[in-house]
Amino acid sequence: MAADITSAADGYFARVHRGEIPPPPVSTTLGGHITAVDLEAGTLESDYHAGAGFLNPAGQVQGGVLGAMLDDVTAFLVTATLAPGEHCATLNLNLSFLRPARAGALQGRSRLVRRGRGVCHVAGELLQDGQLVATATAVCTVVPGR
């Protein structure tokens with residue numbers, strides 16, 4: 001991976017992961033909690049909780065919420081590779097919904113496909129009870145520090 005893991009160790013993600021600062025509010029809203037990160041392998045795993053407020057009239061988790069979870073898990077992996085002061089912005093998020101999700105626990109996984117200096121390609125997936133619910137491909141940009 002092209003990221004300098006030494007500098008990433010002092011970045012925003014590392015500080016969140018060590019509990020020095022709170023996670024982003026959107027992660028908290030989604031019930032997100034990072035469970036594993038491996039920068040050498042370019043992977044990240046996060047648990048989410050879909051509460052009753054995320055359900056559509058059919059009683060299933062609304063697709064936009066699943067998309068937000070996939071955006072979170074993919075962008076957070078890119079964020080884990082950033083140097084202090086850098087930020088990540090999602091340029092494109094392509095979603096595929098494979099089966100309905102219900103309220104409760106979901107597991108998110110992301111894999112860094114390519115980490116360039118300014119653009120990153122990431123694959124993500126959401127599972128519920130071991131079954132694939134939705135997938136995403138994301139293109140993120142690295143926003144340099146000021």
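How many residues in the lining of the second largest pocket are nonpolar, polar and charged? The legends below take up this point and others. This is a predicted model, in which local features need pLDDT of at least 70 and side-chain atom pairs count only at pLDDT 80 or more, while totals for chains, interfaces and linings use all residues. Residues are numbered from 1 along each chain as its sequence is written, and side-chain values use heavy atoms, with hydrogens and water left out.

**View 1. The second largest pocket.** A pocket is an open set of points on a 1 Å grid over the protein atoms alone, where a 1.4 Å probe fits, with protein on both sides within 12 Å along at least five of seven lines; lining residues have an atom within 4 Å of a point. Among the residues of its lining are V16, H17, S46, D72 and F76. Helix 2 (12-17), strand 1 (33-38) and helix 4 each give two or more residues to this lining. Helices (H or I, at least four residues) and strands (E, at least two) are DSSP runs, numbered from the N terminus. The lining holds 4 nonpolar, 5 polar and 1 charged residues. Here Ala, Val, Leu, Ile, Met, Phe, Trp, Tyr, Cys and Pro count as nonpolar, Asp, Glu, Lys and Arg as charged, and the others, Gly among them, as polar.

**View 2. The largest pocket.** The volume of the largest pocket is about 270 Å³. It is lined by 15 residues, of which P24, V26, D72, A75 and T79 are the closest to its centre. Helix 4 (63-80) supplies at least two lining residues, as do helix 3 (25-29) and strand 3 (87-97). The largest share, 6 residues, comes from helix 4. By class, the lining has 8 nonpolar, 4 polar and 3 charged residues.

**View 3. The surroundings of V113.** V113 belongs to strand 4 (residues 104-115). Apart from neighbours within four places in sequence, V113 is in contact (heavy atoms within 4.5 Å) with H121, V122 and A123. G145 lies 32 residues from V113 in sequence and 24 Å from it in space, C-alpha to C-alpha.

**View 4. The loop at D129.** D129 sits in the loop between strand 5 (119-128) and strand 6 (131-143). The phi of D129 is near 55 degrees, a positive value in a residue other than glycine. D129 has a relative accessible area of 57% and is therefore exposed; with a 1.4 Å probe and protein chains only, exposed means over 50%, buried under 20%, and partly exposed in between.

Key. Points joined across faces, edges and corners; volume = space filled by probe spheres on them.
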